Amino acid sequence: WGPAFLQRSHGVPLHDVGIVIGPAVGIGGMAGTLLSGAVGDWLVRRRGSVVAALWLPLVALPLATPFMAGFVFAPTLLAAMLCAAVMNLLLSGAFVPCINYALARAGAGDRALVSTVMLASSGLIGGALGPFVVGALSDAFTPQFGTEGLRYALAAMIALPILATAFLFAAVRQAPGIPSAKAQAA
C-alpha cells in the first residue's frame, strides 16, 4: 500500500512512485538483512548461544514503530521516505535472527520444512493478510476521511511491531539455549 499511499497523500505521480519508494524499501531492506546477519553472527559467537541473536528483533521491532508512524504521518515526502528507509532496515533485520534460531532448533532432517513454514507464514501474513486488512480498513475509512482513509488504515498497523515484540519476548523467555558451533567445539 506504500505506492498508493504516496500517490494519494503525497501527490507522487504514478510514473514516479517506483523511483521514490524503491531506494527506501530496497536499500533499507537489503541493509537490514545483511546487517542483522552480521550482527547476529557476532552476538552468537560472543554469547555462545543462538538465542543471543534474538535480541536483535527484540530491539529492532519496537524501534521500527516510530518510523512507521513517521512514514504514515510525515508532513513531507522526504521525511516519509527517510522514515520508510529506517523502518524497512529495522523490520527486515528482525526476520533473519528468527529464521536462524528456528533452523538451529530444527533437526537436520527438518530444516527445509522449518524454513518453508516460516517463509510461507511470513508471505501469507505479511504478503496476503496485511494488505487485505489495510485495504478493508481503507475502504471503511474512506467515507469519513476521503483519500486520507488509506493513511489511517496504515496507521492502524503501527502497533503491530510492538505486538510482535511481546510474542517474541514470551517465546525467548521459554527458548532453550542452543550453543553455537564455536561454543560446542570448545
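A pocket here is an open set of grid points with protein on both sides within 12 Å along at least five of seven lines, and its lining residues have an atom within 4 Å of a point. The legends below describe a predicted model.

**Figure 1. The largest pocket and its lining.** The largest pocket is lined by 34 residues. Nearest its centre lie Leu91, Ile125, Gly126, Gly127 and Leu160. Its volume is about 1,500 Å³. The lining has 26 nonpolar and 8 polar residues.

**Figure 2. Helices around the largest pocket.** Which helices each supply at least two residues of the lining? They are H2 (17-47), H3 (55-73), H4 (77-105), H5 (111-145) and H7 (160-174). H5 gives the largest share of the lining, with 11 residues.

**Figure 3. The whole fold.** The protein has 8 helices and 0 strands. Read from the N terminus, the order of elements is α-α-α-α-α-α-α-α. The C-alpha atoms fill a box of roughly 60 × 30 × 25 Å along the principal axes. The protein has 186 residues, and 38% of them count as buried. Take the contacts in the protein with a separation of 6 or more: residues 24 or more positions apart account for 69% of them.

**Figure 4. Helix H1 and its packing.** H1 covers residues 2-10. Its buried residues are Gly2, Ala4, Phe5, Leu6, Ser9 and His10. These buried residues pack against four helices: H2, H3, H4 and H6 (149-155).

**Figure 5. H3 against H7.** The axes of H3 and H7 come within 8 Å. They cross at roughly 170°. Angles over 145 degrees count as roughly antiparallel, so H3 and H7 are roughly antiparallel to each other. On the H3 side, the contact residues are Pro57, Leu58, Leu61, Pro62, Thr65 and Met68. On the H7 side, they are Pro161, Ile162, Ala164, Thr165, Leu168, Phe169 and Val172. The residues of this contact divide into 11 nonpolar and 2 polar, with no charged residue.

Figure 6. Thr165 sits in helix H7. Is Thr165 buried or exposed? The relative accessible area of Thr165 is 13%, so the residue is buried; the cut-off for buried is under 20%. Leaving out residues up to four places away in sequence, Thr165 touches Leu58, Leu61 and Pro62. Leu58, Leu61 and Pro62 are among the H3 residues that meet H7.

**Figure 7. Two residues of H4, Tyr101 and Leu82.** Tyr101 lies in helix H4. Leu82 lies in helix H4 too. Tyr101 has a relative accessible area of 12% and is therefore buried. Leu82 has 53% relative accessibility, so Leu82 counts as exposed; the cut-off for exposed is over 50%.

**Figure 8. C-alpha distances from Tyr101 and Leu82.** How far apart in space are Tyr101 and Ala175, C-alpha to C-alpha? Their distance is 9.6 Å, although they are 74 residues apart in sequence. Leu82 and Pro57 are 25 residues apart along the chain. The C-alpha atoms of Leu82 and Pro57 are separated by 20 Å. Pro57 is one of the H3 residues that meet H7.

Definitions and conventions: Residues are numbered from 1 along each chain as its sequence is written. This is a predicted model: local features need pLDDT of at least 70, side-chain atom pairs count only at pLDDT 80 or more; totals for chains, interfaces and linings use all residues. Side-chain values use heavy atoms; hydrogens and water are left out. On a 1 Å grid over the protein atoms alone, a cavity is a set of points where a 1.4 Å probe fits but cannot get out, and a pocket is an open set with protein on both sides within 12 Å along at least five of seven lines; lining residues have an atom within 4 Å of a point. Grid points are joined across faces, edges and corners, and a volume is the space filled by probe spheres set on the points. Ala, Val, Leu, Ile, Met, Phe, Trp, Tyr, Cys and Pro count as nonpolar, Asp, Glu, Lys and Arg as charged, and the others, Gly among them, as polar. Buried means under 20% relative accessible area, exposed over 50%, partly exposed in between (1.4 Å probe, protein chains only). Axes are lines fitted to C-alpha atoms, for helices over the stretch in contact, and angles run from 0 to 180 degrees between N-to-C directions. Angles under 35 degrees count as roughly parallel, over 145 as roughly antiparallel, 65 to 115 as roughly perpendicular and the rest as oblique. Contact means heavy atoms within 4.5 Å.
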